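This report looks at a few local features of one protein model. Please keep the sequence and the structure in view while reading.

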Amino acid sequence: MTRKTLTLTLALALAATASAQGILGGHVTGNVQLDGQMSRADSVIGAEDVPERLLLNARADVLYTNGDFSAGLRLEMYQNPLLGFDAQWKGQGVANYFVKYSGERLTVTAGHFYEQFGSGMILRTYEDRYLGIDNALFGVSAQYRPTDGITLKALAGKQRHFWDYGPGLVRGVDAEVGLNSVIKSLADSKLRATLGAGFVSKYEDDQVIASSTNPEHRLNLPLNVGAASLRADLGYGGWSLQAEYARKGQDPNAINGYIYRPGNALMLNLGYSTRGFSAGIQAKRIDNMGYKSMRSLSGEMLYINYLPAITKNHTYAFLAMYPYATQVNGEQGMQADVMYKIKKGTLLGGKYGTDVHLNSSVVTALDTTFIGLAGTEGYTAETFSKGDFLYGDISLEVGKKLSKSVKLTATYAYQVFNPVVEGHTPDLYHNHIVVADLSWKVSKKHALRFEAEWMGSDSHYDPAAGHDDRRAGDWVMGLVEWNIGTHWFLSLSDQYAYNDGTGNYYNLSCGYTRGATRFQLGYGKQREGLLCIGGVCRQVPASNGLTFSLTTSF
């Protein structure tokens, strides 16, 4: 059955079901988003000429609900895709559609759906429009709650791959049990406990992959690749502990070089929270856990699972200039996070109190010993020893209200970054970063925000020597935002590489918001680099020109 036939069939089913239940008794909601870009050549920052003057990403989601029934569809258009998006997105059409029944105990979805088992280490399908990622499953999923505290899930389908579907068939089951609801004696206990387990299998037809030891021989590829996980979520008073272990069978693929080493992953998260204070420590170890529904595909599409980065997601420009991307073939690391509110009336707390946030993380490669290339297990790995240094940072953020209308947030961070995580020559960059963020509520209708950033780095830009990273060098940045009344805002910023590096990246933007509608228009330069969200990254090329965005909902 072709995609067009499936679309028509489901559309007819939606119409029939809506008619049967009485569409006038239902409820229709939705949203629309348009993002446009115009760019011109700029040799200083490395922006290339774009043949098409206007690039556009657009989408419209419509959801119909009527009692326990719901149905929806999404229209998408990439004509042509914005810079940084894969050219395979070019096109337009109905990209997502589904029908869903949500009863008291049973939920069934047919069509496109998103699902996650545990933390996602064996299954997470999701969509991120800013990264150009959508690995939705097209098929059927069911969730059954036989009693309070027990949730059972089952699903089967193929993943979306741009305007088509990946070749692998994904099937999975998951169970989660809340012991406090199931065991009556624990109902009022201070101990909170939830246990879960999941299993996912991927089937993909055979293909010819040459052996590395003898090109005349082909690899004996496993057609079914399974992955299983066990997890626990425990809590007692202010303490919490989340633990999950996952294991994947032999899965030779393009990411790991077609080796036959099984994969495994472990994630631990210990936290404590009380009034005015919270602390947490997180540890993660990944060994050959790239899991796709198409073995010959590299890049970020068609991942069945999700392996989040163990580093803080920074929001300030220079703190996020060197983001860390999860190394699915192997990494280990830890992150510690402490938040404390100094009480009012104390020497450091002052009249309004002071917020202190300390965060630190370190990630290294695994300590491995090479065995062989494609067709072998590839390598062995020591469990507790560490390999090459990949990333580390420590940041201290202090937020203090200076008056009823003025708040200052100051941040210092130190980063050590190895560009090997982006596929470049191994090296270590050392960055010192200082940020000052001042918010001033001038009146009920007017507010100003000032931001100043500085970064000192020993990285350098020297194309003749092979160092062509335009993030390199020392940087300064200034930003001013003005919220005018309840509808308008104006923003002006500039990033300047004053020592080594290259470019002066200014940006002017304004916007208007009324109700659920927001329009933004900007002009300026975009630095080449990585856009990362949760350890998943997309390369963004340099650009110089106009951008606009329109969002609304109904």
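## The surroundings of Ser-543

In this model, which is predicted, Ser-543 is in contact with Gln-37, Ser-39, Ile-45, Ala-47, Leu-83, Gly-524, Lys-525 and Gln-526, where residues up to four places away in sequence are not counted. Ser-543 belongs to strand 28, which covers residues 543–553.

Is Ser-543 buried or exposed? Its relative accessible area is 7%, and because buried means under 20%, Ser-543 counts as buried.

Strand 18, made of residues 379–401, pairs with strand 19, made of residues 406–417, in the antiparallel sense, and 11 bridges lie between them. The two strands are joined by a hairpin of 4 residues, and Lys-400 is placed opposite Leu-408 of strand 19.

Strand 19 also runs antiparallel to strand 20, which holds residues 429–440, and this pair is joined by 12 bridges. Here Ala-413 has Ile-433, in strand 20, as its bridge partner.

## A nonpolar patch on the surface

On the surface, a nonpolar patch is formed by Leu-191, Leu-195, Leu-234, Tyr-236, Trp-239, Leu-241, Leu-270, Ile-281, Met-334 and Val-362, which together have about 840 Å² of accessible area. Two or more residues of the nonpolar patch come from each of strand 11 (191–203), strand 12 (224–236) and strand 13 (239–248).

One of the patch residues is Leu-195, which is found in strand 11.

How values were computed. Residues numbered from 1 in each chain as written. Predicted model: local features only at pLDDT ≥ 70, side-chain atom pairs only at ≥ 80, totals over all residues. Heavy atoms only, no water. Pairing = 2+ DSSP bridges. Patch = residues over 30% accessible without salt bridge, like charges linked within 9 Å, V, L, I, M, F, W, Y side chains within 5 Å. Areas by Shrake-Rupley, 256 points an atom, 1.4 Å probe, with all protein chains shown as cover. Salt bridge = Lys/Arg side-chain N within 4 Å of Asp/Glu carboxyl O. Buried < 20%, exposed > 50% of the residue type's maximum accessible area, 1.4 Å probe, protein only. Contact = heavy atoms within 4.5 Å.
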